Amino acid sequence: MTASGSAQAPAMDPKEAERITAIVAPRLPPALVPVFDARFACSNALYDEFVYRLALRAFCDAGLPAAVAEWGNTQDVVARAGLDPGHAAVPVSWMLRHLWRRGVLTCEDAIGGPRFRAEQAPPTLDPAPMEARQREHDATCLPSYALAECAARDYPVFLRGGATGEEILFAPARLPLWVGYFSNGNALYAVNNRVGAVAVEAWMPRRASTILELGGGLASGTAALLEHLSGAGRLGDLQTYRFTELVPVFLRRGQRLLQDRIPAGPPMTFAPLDMNRPFAEQAVAPESVSIVYAVNTLHVAHDLTFTLGEIRRTLEPGGQLIVSECVRPWPADTLYPEFVFNLLQTFRSPRLHPPYRPNGGFLTPEQWTGALEAAGFRDVRLLPDVRRIRDEFSGFYTAAIGATRPD
């Protein structure tokens with residue numbers, strides 16, 4: 001069956017933002033209602049349009065319009081355009097589906113996967129006006145724009161195999177991009193940290209607890225959590241906080257930020273930890289922590305089944321796994337963060353475990369539930385419950401997922 005949608009999605013008007021806020025707000029805990037307000041809804045829509053225009057430009061710069069002059073699946077399109085299959089398969093698949101949803105391409109089901117075709121030349125849309133509108137609306141979101149534009153600039157080189165995503169995104173000169181992006185000052189990213197903080201407060205037992213954070217990055221998630229717990233009068237419930245991060249420069253900067261910003265917090269330790277290796281070999285003993293916490297980390301575990309097993313062994317009986325993640329509402333959805341992160345091999349190429357790990361990147365609520373239950377967890381829950389939101393608004397991507405290690 002062939003289908004297409006609107007060729008251009010206009011940036012959101014205030015009435016539409018208010019409508020979305022009215023849908024989402026009743027399904028949020030009170031602490032999150034001010035976070036997901038109409039101002040955020042407008043920023044979310046502007047950035048979505050910006051990334052669409054960047055993707056469209058990268059699609060054209062890589063020579064892909066000619067490759068979809070006739071019907072073809074992802075493999076056909078990659079081969080016709082002369083791209084590197086190892087680099088290009090996942091991001092080209094994403095672009096084909098994303099542009100189909102915007103009406104630029106048509107799609108039909110076929111044996112071996114969906115096939116795509118362009119029935120007319122793709123539109124030429126300048127991303128710059130979206131960035132200018134964002135600057136006027138809420139300039140705190142601009143670090144997300146800078147990172148996406150950096151990725152888009154080298155997308156054709158990446159697709160042709162001329163550079164890895166790691167070389168493009170993690171060159172030393174681009175560290176300031178990540179500092180700005182993974183920040184509580186960046187409204188588009190900070191929501192992940194705030195959702196996680198509210199979930200930990202809601203699900204943390206009222207007794208002395210040890211939190212082990214995985215992939216703490218530049219520590220904005222940690223700072224948001226400790227500040228939220230302090231404001232809620234619950235910082236005293238923490239006995240120790242173990243901050244871990246594998247990237248040395250991130251670990252050093254995260255430690256410095258937390259020691260400067262939260263000097264009166266719980267006793268903290270800082271160490272590297274690779275979630276793809278046994279935790280016990282890295283000085284994390286079995287049944288030694290009350291909560292394992294992570295923000296946008298577990299979706300890049302190479303083998304999610306293995307990592308969840310290590311987390312389960314690390315938790316004491318009755319302990320909690322609490323993660324804040326970008327959640328894919330429906331299996332075929334394309335989310336705007338993927339435009340950037342599809343460049344990274346850890347993101348696009350994990351070990352697959354159908355049906356709960358059928359692809360790289362983000363998981364649906366059902367896939368998270370399946371993965372956690374297969375690893376022996378119980379009481380899987382989401383905050384907010386995006387399953388209730390997605391039927392009325394499919395553009396809500398952030399949720400905390402909690403699960404309990406049985407006694």
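Helices and strands here are DSSP runs, numbered from the N terminus. That numbering places Ala-219 in the loop between β3 and α12. The model is predicted.

Start at Ala-219. Its phi is near 75°, a positive value in a residue other than glycine. Ala-219 is also buried, because its relative accessible area is 0% and the cut-off for buried is under 20%.

Helix α12 covers residues 220-231. It has 12 residues and reaches 16 Å from its first C-alpha to its last. That is close to the 16 Å expected at 1.5 Å a residue. What covers them? Just after α12 comes Gly-233, with a positive phi of about 70°.

Asn-296 is found in the loop between β6 and α14. Its phi is near 50°, again a positive value in a residue other than glycine.

Now turn to helix α17, residues 365-374. Its buried residues are Pro-365, Gln-367, Trp-368, Thr-369, Ala-371 and Leu-372. They pack against α14 (304-314) and α18 (386-389). They also pack against the strands β7 (315-326), β8 (378-383) and β9 (398-404). Gly-376 follows α17, and its phi is positive, near 95°.

Two cis peptide bonds belong to this part of the tour. One joins Pro-354 and Pro-355, with omega about 5°. Pro-355 sits in the loop between α16 and α17. The other runs from Leu-383 to Pro-384, with omega near -10°. Pro-384 is found in the loop between β8 and α18.

Next, the nonpolar core. The largest one has 133 residues. Those with the most contacts inside it are Val-92, Leu-298, Leu-308, Ile-311, Leu-321 and Phe-339. Helix α2 (residues 38-61) gives the most to this core, with 11 residues. Leaving aside neighbours within four places in sequence, Val-92 is in contact with Leu-64, Thr-74, Val-77, Val-78, Leu-83 and Leu-159.

Phe-50 is found in helix α2. Is Phe-50 buried or exposed? Phe-50 counts as buried, because its relative accessibility is 0%. Beyond four places in sequence, Phe-50 is in contact with Pro-127, Met-130, Glu-131, Tyr-145 and Ala-148. Pro-30 makes a contrast in distance: Phe-50 and Pro-30 are 20 residues apart in sequence and 30 Å apart in space, C-alpha to C-alpha.

Asn-342 lies in the loop between α15 (337-341) and α16 (345-348). At 4% relative accessibility, Asn-342 counts as buried. Not counting residues up to four places away in sequence, Asn-342 touches Val-90, Pro-91, Trp-94, Tyr-155, Phe-158, Phe-347 and Arg-348.

In one of them, Phe-36 and Phe-40 have ring centres 5.4 Å apart and planes at 90°, so the pair is edge-to-face. Tyr-189 counts as buried, at 7% relative accessibility. Ring pairs link Phe-170, Trp-178, Tyr-181, Phe-182, Tyr-189, Phe-341, Phe-347 and Phe-362 into a cluster.

Rings also meet charges. Arg-102 lies over the face of Tyr-52, at 4.2 Å from the ring centre. The charged end of Arg-390 sits over the ring of Trp-330, 3.9 Å from its centre.

Finish with the cysteines. How many disulfides does the structure hold? It holds zero. For Cys-60, the nearest cysteine sulfur is that of Cys-107, 19 Å away. Cys-60 is partly exposed, with a relative accessible area of 31%. Cys-141 is buried, with a relative accessible area of 0%. Its sulfur is 11 Å from the closest cysteine sulfur, in Cys-42, which is too far for a bond.

Key:
Residues numbered from 1 in each chain as written. Predicted model: local features only at pLDDT ≥ 70, side-chain atom pairs only at ≥ 80, totals over all residues. Heavy atoms only, no water. Core = buried A, V, L, I, M, F, W, Y, C linked by side-chain atoms within 4.5 Å. Buried < 20%, exposed > 50% of the residue type's maximum accessible area, 1.4 Å probe, protein only. Helix = DSSP H or I, 4+ residues; strand = E, 2+ residues; numbered from the N terminus. Contact = heavy atoms within 4.5 Å. Expected span 1.5 Å × (residues − 1). Phe/Tyr/Trp six-rings, centres within 6.5 Å; stacked < 30°, edge-to-face > 60°. Lys NZ or Arg CZ within 6 Å of the ring centre and 35° of its normal. Disulfide = S-S within 2.5 Å.
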